[in-house]
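Hello,

Here is the structure I said I would pass on. My notes follow it.

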Amino acid sequence: MTVVNPGGRAVAETRNRVWDAGPLTKAVLALALVISAFPIYYMFVMATRTNEEAIDVPPPLLPGGHLGENVARLLATEDAYFLTGLVNSAIVSVTVTLSVVLISTLAGFAFAKLRFRGGKALLGLILVTMMVPLQQMGVVPLYELMVALGWTGQLKAVILPFLVNGFGVFMMTQYAGQAVPDELVEAARVDGASTMRVYASVILPALRPGMAVLALLVFMQTWNEFMWPLIVLNPDNPVVQTSIAALNQAHGTDYVMLFTGTAASVLPLFVVFVVFGRQIVGGLMEGAVKA
Amino acid sequence: MTLHVETPAPARPGKRPSTSGRGRGGARFARFDLLVTPYFLVSPYFVLFAVFGVFPLAYTLWVSLHDWELAGDRTFVGIDNYVSLITDEAFWNAVVNTLGMFVISTIPQLVLALLLANALNKRIRGRLAFRLGVLLPLITSVVAVAVVFTQLYGRDYGMVNWFLSLFGVDAINWQNEKWSAWIAISTMIDWRWTGYNAIILLAAMQTIPKDLYEAAAIDGASARRQFWRITVPMLRPTIVFTVFVSTIGGLTLFTEPVMFDGNPTMSGGATGQYQTVAMFVVKEAFRDFDFGYAAAAAWLLFVLILLGTFVNHSLTRRIGGTK
């Protein structure tokens with residue numbers, strides 16, 4: 001340790017050093033980056049190779065030129081219903097995302113900016129229920145409910161249960177609380193605006209950045225859903241995740257086709273991430289500090 | 001927009017905004033609006049929650065007290081299902097697997113996340129790129145992660161065995177043994193979640209006042225000492241939060257072990273080496289069609305989560321307790 005004297009220079013040096021990335025930090029970060037990226041890179045490499053190359057020792061690490069034929073084989077594999085799965089996942093994820101964002105902004109506005117009897121208790125109830133893993137706990141009755149409604153095998157069976165998202169309400173309540181000054185709501189009231197008008201003209205514009213982050217998180221979460229669709233949907237009308245499970249089961253030895261499907265299933269998420277990555281990081285970090 | 005926010009608002013007593021300048025009908029509407037609209041705004045969530053949240057939970061409890069098959073026999077049997085479960089070796093095997101994988105995935109994950117967050121907090125070029133990089137696994141879907149890792153852990157052509165063979169280790173059949181399957185599945189979980197937890201911890205780290213570190217540095221505390229004596233204790237609420245989230249995720253583990261098996265039979269290997277409680281529930285309900293038994297197992301899973309949360313809460317409360 002450096003000798004610390006009261007002179008300003010030495011203090012400044014000590015202070016700075018703690019925050020500078022040393023060689024160890026740089027090595028840790030570089031390693032983390034490699035480990036994070038490698039399986040994804042490997043997945044895309046495999047999607048461009050043949051099965052013979054895939055089992056080479058040591059394994060291939062550079063892309064090959066067989067992506068086209070792998071895609072063609074994937075699309076020709078009828079029992080996986082891969083394209084149907086992709087389209088279904090898009091429908092389900094977009095519907096769930098739009099609905100959750102709408103429901104959450106309405107409730108978040110009420111909890112953060114309106115006073116009503118029982119409001120605090122209701123918000124508390126939402127926080128408590130966020131701890132309950134509904135999808136795992138309730139599979140049996142949810143399934144019976146879907147049977148009773150005649151919805152098994154249909155997309156609404158995987159849409160409706162996911163509209164219950166306590167995290168969304170919580171996040172929008174937090175966001176509305178700090179993004180919209182009370183004075184703004186009051187001023188709109190003075191001008192004679194009704195509650196819904198305040199929502200549409202004051203709240204929604206102010207919430208827009210928070211809504212974007214919530215939308216991205218919900219979209220990714222819904223796109224990833226596996227257990228419930230596996231239970232309630234039929235193999236001929238899957239979502240993309242269950243389609244890959246079917247591919248894995250029936251054609252697990254055709255590695256490169258399986259990897260082509262897997263790569264295609266994460267591609268939409270990567271596009272979203274590349275475009276909105278900065279906002280996602282910002283949103284996650286903001287949410288973390290407030291939680 | 002037609003709002004005139006620049007108009008200074010007149011001083012008003014109380015919270016209720018004035019509704020002057022309107023007709024009597026308007027006033028009545030305004031009062032109704034203030035009183036009722038909030039409930040209208042929160043109602044969509046609560047209606048959905050009642051149907052798809054409260055109802056399933058309560059109904060699960062009801063079903064668990066029956067010998068209940070889909071569209072079949074429904075006899076009230078009291079706590080028989082629970083009694084059978086408690087003596088069911090397969091159930092306890094699933095509980096042990098779930099807890100085992102939870103422990104060997106969560107502990108290294110949080111330690112690594114803490115170190116990674118500390119590294120990300122340093123002054124370095126391309127900070128955003130590093131932050132995005134460690135989040136990359138999070139946006140990769142779990143099924144995709146499981147497919148890739150299962151291939152990497154393949155016995156004959158997998159990269160892990162190839163790498164180990166360089167050190168003279170014989171090919172391991174990762175699915176075959178409990179310990180190896182647990183390790184393989186835990187690495188899938190950790191690969192996906194470590195970066196996310198690091199970002200959450202990083203956010204909290206940035207709220208720690210810098211003066212604390214400066215004071216410690218002047219007192220001659222090394223960077224390592226500052227990390228353990230300032231950073232970790234100050235992060236306690238966030239660590240509790242990440243442990244809490246990991247507990248729920250870990251105890252409901254499903255997708256990774258199902259995909260690791262290849263066949264979604266929910267059996268988790270030939271002798272159930274990596275069958276989790278969530279898989280057990282799905283197997284009882286949708287492979288053996290014993291809904292009552294599955295419902296009872298689902299409730300025990302919930303009890304397990306409550307216990308896990310409680311234990312972790314008491315443990316993490318001690319972090320930095322020496323301060």
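**Notes on the two-chain contact and chain B**

The contact between the chains takes 94 residues from chain B and 93 residues from chain A, where two residues are in contact if their C-beta atoms, placed from the backbone, lie within 7 Å. On the side of chain B that touches chain A, helix 1 (residues 24-64) of chain B gives the largest share, 18 residues. By class, that side of chain B divides into 67 nonpolar, 20 polar and seven charged residues. Ala, Val, Leu, Ile, Met, Phe, Trp, Tyr, Cys and Pro count as nonpolar, Asp, Glu, Lys and Arg as charged, and the others, Gly among them, as polar. Helices (H or I, at least four residues) are DSSP runs, numbered from the N terminus.

This is a predicted model, in which local features need pLDDT of at least 70 and side-chain atom pairs count only at pLDDT 80 or more, while totals for chains, interfaces and linings use all residues. Residues are numbered from 1 along each chain as its sequence is written, and chains are lettered from A and ligands numbered from 1 in the order in which they are written.

The largest nonpolar core has 168 residues, of which Val281(B), Ala297(B), Ala298(B) and Leu301(B) touch the most other members. Helix 7 (residues 178-205) of chain B gives the most to this core, 16 residues. Such a core is a set of buried Ala, Val, Leu, Ile, Met, Phe, Trp, Tyr and Cys residues joined through C-beta atoms within 7 Å. A residue is buried if 20 or more other C-beta atoms lie within 10 Å of its own, exposed if 12 or fewer, and partly exposed in between. Leaving out residues up to four places away in sequence, Leu301(B) touches Gln136(A), Met137(A), Val277(B), Ala278(B) and Val281(B).

Phe302(B) lies in helix 13 (residues 291-316) of chain B and is buried, with 20 other C-beta atoms within 10 Å. The C-alpha atoms of Phe302(B) and Ile248(B) are separated by 9.5 Å, although the two are 54 residues apart along the chain.

Two loop residues other than glycine have positive phi:

- Met266(B), with phi near 70°, is in the loop between helix 11 (255-261) and helix 12 (277-286) of chain B. Met266(B) counts as buried because it has 24 C-beta neighbours inside 10 Å.
- Phe289(B), with phi near 55°, is in the loop between helix 12 and helix 13 of chain B. Phe289(B) is partly exposed, with 14 other C-beta atoms within 10 Å.

Regards
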